[in-house]
Amino acid sequence: MRKTLLFTAAGFSAAASSAFAQYVTAPTGPGGTWNLYELNAAGLTWNDANNAANARTYGTLPGHLLSVHSGTENHLIQNFAGNGDVWLGLSDNPALVAGGAETGSVASGSNLVPPTNGAWAWSSGEAFTYANWGGGEPNNAGVGESVGHIRGDEMWNDNGAGTLGESSPAMRSVIEYETQSASPVFGAAILSDAVDNNPNSIWAKPPTAGFGTTPRSATSASVT
């Protein structure tokens, strides 16, 4: 049975003047530390989404297009993004992502195994240790598909980048910030994989300066 995610009602709501939504946080960083995520609800090509993510900052931290390192993170973030297609910061083209290569081993199925259809790499520079490719993917169809995305069924597919001669569909994207905080990032909605009636899963204010601050519960926070 598919679980329902719990986060603030404002979590999906972008401001009228911006495609960017409220921040959310989840314990998806190294050692269970908390990273920060921001939804870009605008439909963009991969190249445009990647450029937009790289231009975002949280305090002094640069953003990057989503990287995924576990099935839990894959499920949480795809659901947060609206259960549809969402871009990954993933490519096998070295012109787009350092470490990519269009020949060599490939992540196939749910495990990192051959056959060959490129060496995939994250735009963040993190190690590529998890994959969730759909059946027959990646297949580099058509004129070329050198970037990845999560499909509506939570499996991955390769697609065109919208640059270097590749056409690209428009999709939502998620910007990730490597806050790696020991506690939930202050002011952000906490992503949970089950509805649990925990008041600490509800947040009343957008992020303020300084992350890693001991969070407040919704019952003691004033809404502004």
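Predicted model: local features only at pLDDT ≥ 70, side-chain atom pairs only at ≥ 80, totals over all residues.

Trainee: Noted. Where is Asn140?

Mentor: In the loop between strand 7 and strand 8. Look at its backbone too. Asn140 has a positive phi of about 50 degrees, and it is not a glycine.

Trainee: Why flag that?

Mentor: Most residues other than glycine have a negative phi, and most peptide bonds are trans.

Trainee: Which residues does the cis peptide bond join?

Mentor: Glu137 and Pro138, with omega at about -5 degrees. Pro138 sits in the loop between strand 7 (121–122) and strand 8 (147–150).

Trainee: Is Leu164 buried or exposed?

Mentor: Exposed, because its relative accessibility is 54%. The cut-off for exposed is over 50%.

Trainee: Let's zoom out. How many helices and strands does the chain have?

Mentor: Two helices and eleven strands. Along the sequence the pattern reads β-β-α-β-β-β-α-β-β-β-β-β-β.

Trainee: What share of the chain is buried?

Mentor: Buried residues are 49% of the 224 in the chain. The chain exposes about 9,500 Å². Carbon and sulfur atoms supply 54% of that area.

Trainee: On to the inside. How many residues are in the largest nonpolar core?

Mentor: It has 24 residues. Those with the most contacts inside it are Leu66, Val68, Leu88, Leu90, Trp156 and Val174.

Trainee: Which elements each supply at least two residues of this core?

Mentor: Strand 1 (20–26), strand 2 (34–44), helix 2 (71–80) and strand 6 (86–91).

Trainee: How many residues of strand 6 are buried?

Mentor: Six of its six, so the strand is mostly covered in the sense of buried residues (under 20% relative accessible area).

Trainee: And how do strand 6 and strand 8 run, parallel or antiparallel?

Mentor: Antiparallel, with three bridges joining them. Trp87 stands opposite His149 in strand 8.

Trainee: What about strand 6 and strand 10, parallel or antiparallel?

Mentor: Parallel, over two bridges. Here the bridge partner of Trp87 is Ser173 in strand 10. Strand 6 also pairs with strand 7, in the antiparallel sense, over two bridges. There, Leu90 has Trp122 of strand 7 as its bridge partner.

Trainee: Switching to charges. How many salt bridges does the structure hold?

Mentor: Two. In one, the side chains of Glu38 and Arg56 meet at 2.5 Å, N to O. That pair links distant parts of the chain, 18 residues apart. Glu38 is in strand 2, and Arg56 is in the loop between helix 1 (46–55) and strand 3 (57–58).

Trainee: Is Glu38 buried or exposed?

Mentor: Buried, because its relative accessible area is 2%. Arg56 counts as partly exposed, at 24% relative accessibility.

Trainee: Which residues meet in the salt bridge at 2.8 Å?

Mentor: Asp153 and Arg151, through their side chains, N to O. Asp153 counts as partly exposed at 46% relative accessibility. Arg151 is partly exposed too, with a relative accessible area of 23%.

Trainee: What's the general idea behind such pairs?

Mentor: Side chains of opposite charge can pair when their charged atoms come close.

Methods: Residues numbered from 1 in each chain as written. Heavy atoms only, no water. Core = buried A, V, L, I, M, F, W, Y, C linked by side-chain atoms within 4.5 Å. Buried < 20%, exposed > 50% of the residue type's maximum accessible area, 1.4 Å probe, protein only. Helix = DSSP H or I, 4+ residues; strand = E, 2+ residues; numbered from the N terminus. Areas by Shrake-Rupley, 256 points an atom, 1.4 Å probe, with all protein chains shown as cover. Salt bridge = Lys/Arg side-chain N within 4 Å of Asp/Glu carboxyl O. Pairing = 2+ DSSP bridges.
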